Amino acid sequence: MKINAKMEPDNRSDRSLEKNSSYDYNLEGIRGLAALSVASFHVLFLKNFLDPTYHPNIYFGYLQAGRSAVLLFFVLSGYVIGLTTTKEFSIQQLRNYISRRSIRILPIYVIAICLALLAEPNEKLSIVLGNYFFYKILINTFLFPYLL
């Protein structure tokens, strides 16, 4: 068995491959419920930020699964990402994957950092640069802890 042998992709029309690439409403529904559970946990159960006088019914609190819903959402999201990467590994596939994820995530990330700067304009420059360039721990710990 050759390890470096190039393998041609299997172009057969297999029903299982078609099923994996289709949109799964049940899976997305569970992800949506997990996301809603996390959002309601943040709004209703963390310091009563929106309405300090609101105290949810104790029975409603038993329905909240905020921390577990975060884990469920991440596991299902990882599974969905795994469904999108069905082709054989290659450097070109890796580049395509990274570019697709970057196009999807980075604009929202930059907008979030800009909104955070608007909310907290006096933040240290080292923290902002650390978040922007994904070097937060490196910059804050080793390079600029006392300079900025």
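A residue counts as buried here when its relative accessible area is under 20%, with a 1.4 Å probe and protein chains only. By that rule, 14% of the 148 residues of the chain are buried. Please keep in mind that this is a predicted model, in which local features need pLDDT of at least 70, side-chain atom pairs count only at pLDDT 80 or more, and totals for chains, interfaces and linings use all residues. Numbering starts from 1 along each chain as its sequence is written, and side-chain values use heavy atoms, leaving out hydrogens and water.

Let's walk along the chain. It holds 7 helices and 0 strands (DSSP runs, numbered from the N terminus: H or I of at least four residues for helices, E of at least two for strands). Among contacts with a separation of 6 or more, 44% join residues 24 or more positions apart, a contact being heavy atoms within 4.5 Å.

Now look at α2 (residues 25-45) and α4 (residues 66-84), which pack at about 145° with their axes 8 Å apart; axes are lines fitted to C-alpha atoms over the stretch in contact, and angles run from 0 to 180 degrees between N-to-C directions. Residues including Ile30, Ala34 and Phe41 of α2 meet a set in α4 that includes Val70, Phe73 and Leu76.

Finally, follow α5 (residues 91-119). Its 29 residues should span 42 Å at 1.5 Å a residue, and the end C-alpha atoms lie 40 Å apart, which agrees; the expected span is 1.5 Å times one less than the number of residues. At Ser102, α5 bends by about 30°, the angle between axes fitted to the seven residues ending there and the seven starting there.

Note on methods:
Buried < 20%, exposed > 50% of the residue type's maximum accessible area, 1.4 Å probe, protein only.
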